[in-house]
Amino acid sequence: NCQTQACTANITTDITSNRTLYADTTYTLSGFIHVTNGATLTIQPGTKIVGDFEVPGSSLFILPGGKLNAAGTSDKPIVFTSEKTSGRQAGDWGGLIIIGKGIINKSGSPIIEGTGNSSANPQLTYGGGTDNADNSGTLSYVRVEFAGYATAPDQELNSFTFAAVGSGTRLSYLQALYGLDDAFEFFGGTVNATNLVSYETGDDHFDMSEGYRGRLQYLIGLQSSTLNINPLPGQNVAS
């Protein structure tokens with residue numbers, strides 16, 4: 001009974017049909033999890049989702065045609081964070097990536113940075129979309145912490161990635177903390193966003209490229225230190 005004891009659940013396979021994550025359960029993303037075309041993932045206010053530290057790069061991807069409805073509240077935010085209870089660092093897990101059907105100005109089939117390095121993390125592309133009004137869902141009062149794992153040298157995932165995301169998507173009151181790469185990155189598309197906070201990130205607070213044409217309002221970026229990061233296997237990265 002989740003009302004009388006702490007409940008946990010592992011998410012180990014792609015989400016291919018509608019699913020709801022409930023606030024009385026802590027969910028672990030174990031691996032590269034994809035919400036596929038036609039499926040909607042709904043997350044209740046106050047839900048906590050952690051990235052599996054033992055499966056490096058564990059991430060949540062919303063694919064074209066999939067949706068994420070994560071509408072938290074100011075007193076019950078939805079939190080994506082590190083699985084570790086102490087010693088948390090930038091890059092402990094992958095991040096949140098949304099891929100839409102919007103227009104970009106880059107030809108061919110560009111690849112989402114941080115994908116395609118293994119069979120467990122297949123290459124994902126985001127070019128060729130034609131629908132700038134595409135709707136990938138709603139994110140409100142969502143916090144992403146300690147994300148940005150580098151799946152290969154110079155191939156980091158971001159805290160929030162919005163690739164070709166259309167204006168039908170709603171983004172507001174989002175916060176990125178201690179990400180290894182960018183806090184918020186927009187690749188083309190036309191999604192609008194308001195009230196974005198980036199706190200202590202490893203690279204850009206806000207990065208827009210490839211013909212992004214959305215409107216961003218009320219942005220805060222605070223940087224006071226150089227982040228400690230977790231190295232790739234076999235690398236020796238100084239703190």
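Q: Does Phe80 count as buried or exposed?
A: Burial is read from relative accessible area, where buried means under 20%, exposed means over 50% and partly exposed lies in between, with a 1.4 Å probe and protein chains only. At 1% relative accessibility, Phe80 counts as buried, and Trp93, at 1%, counts as buried. This is a predicted model, in which local features need pLDDT of at least 70 and side-chain atom pairs count only at pLDDT 80 or more, while totals for chains, interfaces and linings use all residues. Residues are numbered from 1 along each chain as its sequence is written, and side-chain values use heavy atoms, with hydrogens and water left out.

Q: How many aromatic pairs does a search of the whole structure find?
A: Rings of Phe, Tyr and Trp (its six-membered ring) pair if their centres lie within 6.5 Å, and the planes count as stacked under 30 degrees, edge-to-face over 60 and tilted for the rest. The search finds 11 such pairs. Among them, Phe32 and Phe61 form a tilted pair, with 6.4 Å centre to centre and 40 degrees between the planes. Helices (H or I, at least four residues) and strands (E, at least two) are DSSP runs, numbered from the N terminus. Because Phe32 lies in strand 4 and Phe61 in strand 7 (residues 59-62), the pair ties together parts that are 29 residues apart in sequence. Phe32 counts as buried at 12% relative accessibility, and Phe61 counts as buried at 0%.

Q: What kind of pair do Phe80 and Trp93 form?
A: Their pair is stacked, at 6.3 Å centre to centre and with 15 degrees between the planes. Phe80 is in strand 9 (residues 78-82) and Trp93 in the loop between strand 9 and strand 10 (96-99), so that the pair links distant parts of the chain, 13 residues apart.

Q: What is the strand order of the open sheet?
A: Two strands pair if DSSP finds at least two bridges between them. The open sheet holds 6 strands in the order 4-7-10-14-16-18, with parallel pairing. Strand 4 (32-35) and strand 18 (206-209) stand at the edges with a single partner strand each, so one side of each is left without a neighbour in the sheet. Within the sheet, strand 14 (residues 160-163) and strand 16 (residues 184-187) pair in the parallel sense over 4 bridges, and Ala163 stands opposite Phe187 in strand 16.

Q: Which residues do ring pairs link into a cluster?
A: The cluster consists of Phe160, Phe162, Phe184, Phe186, Phe206 and Tyr212, which are linked by ring pairs.
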